[in-house]
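The entries follow the order in which I looked things up.

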Amino acid sequence: MRPVSLTPAVLAALLLALPAPAQVPPPLPSVDLGIRELIFRPEVVSSRTPEDVWLLANGRGSANQVLRSADAGRSWQLDATASWALRKSLLAGSSITLDTLVWFTPEIGIAAGSIGARVLRTTDAGLSWQSIPLTDDLYVYAVERVGERAWLCGSSGKLFRSDDAGASWHELKDSPFNRDDRCMDMSFLSPESGWAVGMNGSVWATEDGGTSWQRVPFEQPLKYLRRVVRLTPQAAWVGGHRERYLTTDAGKTWHARPWTEDELNTPLAAARTPDGRHLITVGPVGKGVPVEQWVPFLGEAEHATSPGGDTVVALVVADQRELRLALSVSGQLVRKGPPVSQGSGVLTPLEGLVRKSPETWLGWAGEQLAASHDEGRTWFQLGRVPQTPIRALAFLKEDTVLAELGTGELLRSKDFGRLWEPSTSPLDAYDFAVASGRTASPETPFDCVLTTAPASMKLHLENLGCFHQVEGQLSVKLSSDGAELSGRSLDDKPVKLGSKKLSRAEGERIVRELVAAATRQETPLGCGSTTEYTALLEWSCPSGHVKEGTVRFRAPGCGPLADGSATTWGSAAPGSYARALGLHQAASEVFKGASR
């Protein structure tokens, strides 16, 4: 046989004819399951020394717990002694809300908030605290210090100054603020030169330590100012909610600087001004960049701290406005999530994971769950499922998670996988199929209502508030050749239906609208209300996958009722949806049509 010559062209053709190699999924991460979540809600973060960062947090049935980190915010532990000392000093007050913690030295610090006409002061690094009186009962919004001189202001509009590291405070009589235009923040370049901003859009300057103030022109659309940061005598930033302005001529002119998406996702960095002041900036400051061009952090002052070097520990707003700790080094995000303990150093490979969002991941190894809030950079132990093996996880709205076991059984968690219980909702199998993407058109538990006769669907409605409770219901009964509609609406002038006869097609249309509202995928409303909407859907049919059952839905009285066509009071996230509100709106449309 004559040998075949494999020229480059022939070889290329043969390679193209070969089947493409199978795509190998990336390996699952290995995690330290010794890192445990500390169940506390962080409120204030402050650096006592570069080696000692304090976190005031609420949890375990008690407010103002002290967590401390000795590794710049990577891990934390509860300090029971410091927590008790702080709470003991608050027992005499009617309120125990602390929002600010400022250290003058490693031994001397002050804590303030809504604690009556006083601040707290320690001279022994937090082992004990003394009440330092003020001449006014105010909610302290801001504390600013330069050396041993400090200023505080808040809800009453009065200003106070201390010249002895917080040991005593005297009222500054020439305050430009009042209870309407409250002082929200201050920024001082020196013991004499500073600016302050009011909640109604006022900007004020002092050159004598706060003894007298002069108005800085600020005629801009933003009327609610929350923060001010002076970079130099000429350059300063002011800001409110998602809005900010820059001046480079001491307030003569202002320039709007809208936030960009890149900036909103940029980790914070630490920088030192030429005159020695520490500032927290949005992203690192390049070498040689003039201080006038720096972009300062304009979030809550007590929500970020730089323990040393180029490290920043900040509290950032995450899902449902929950505060999470974010640690950045040299402008790069190192970790984000709740406060966690130190780990064991032993790594365990995950068996699977699912992503709730680009940032939030949930994985498992055996019965143990682990979570990440920073795209898998860091992980921490969460909860355990009571049975194994886990076949798959799926997220529903907010923090609800479904786990499918090897037996096909479903478990449900309402708190992001911390605690689990057997699934009891008839809708869970449908929701799991949709959320996991396993089935394009999964069955609903209501399917038999439309396919068998006689069948019925009843909707119980309730609108419950602080001073009212309104109830209504809607019932649809389907026979083989017709339908019957009855009920009472929740309107101020309720529509009452006796027993209205409908065609079979019309009855099926109403059932489909109710099923569509009950199975549309929910998304967080992002708002709250003292009013609650409840919808209890009940059905019955002679045969089918699920012959009868009830499902209850709840939602706060805010946001869109259905497709944005109607809203109750409140401000919901764009495109959000709640099944309880959708069912209320669907029933309302049925009553409107029936009354014509």
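I began with Trp151, which is buried, with a relative accessible area of 1%. The model is predicted, and I read each value below as computed from it.

Entry on the stacked pair. I looked up the ring partner of Trp151 and found Phe188, with the centres 3.6 Å apart and 10 degrees between the planes, a stacked pair. The two belong to distant parts of the chain, Trp151 to strand E11 (residues 149-154) and Phe188 to strand E14, 37 residues apart. Phe188 is also buried, at a relative accessible area of 3%.

I noted ten aromatic pairs by the rule applied. In one of them, Trp103 and Trp129, the centres are 6.4 Å apart and the planes meet at 55 degrees, so I recorded the pair as tilted. I also recorded one aromatic cluster, formed by Trp195, Phe218, Tyr245 and Trp254.

Entry on charges over rings. I found Arg355 over the face of Trp361, 4.1 Å from the ring centre, and Arg520 over the face of Tyr577 at 4.0 Å.

Entry on the second largest pocket. I noted a space of about 1,400 Å³. Of its 45 lining residues, Glu144, Arg145, His278, Ala304 and Thr305 are the closest to the centre. Strand E10 gives the largest share of the lining, six residues. By class I listed 23 nonpolar, 13 polar and nine charged residues.

Methods:
Residues numbered from 1 in each chain as written. Predicted model: local features only at pLDDT ≥ 70, side-chain atom pairs only at ≥ 80, totals over all residues. Heavy atoms only, no water. 1 Å grid on protein atoms, 1.4 Å probe; cavity = no way out; pocket = protein on both sides within 12 Å on 5 of 7 lines; lining within 4 Å. Points joined across faces, edges and corners; volume = space filled by probe spheres on them. Helix = DSSP H or I, 4+ residues; strand = E, 2+ residues; numbered from the N terminus. Nonpolar A, V, L, I, M, F, W, Y, C, P; charged D, E, K, R; others polar. Phe/Tyr/Trp six-rings, centres within 6.5 Å; stacked < 30°, edge-to-face > 60°. Buried < 20%, exposed > 50% of the residue type's maximum accessible area, 1.4 Å probe, protein only. Lys NZ or Arg CZ within 6 Å of the ring centre and 35° of its normal.
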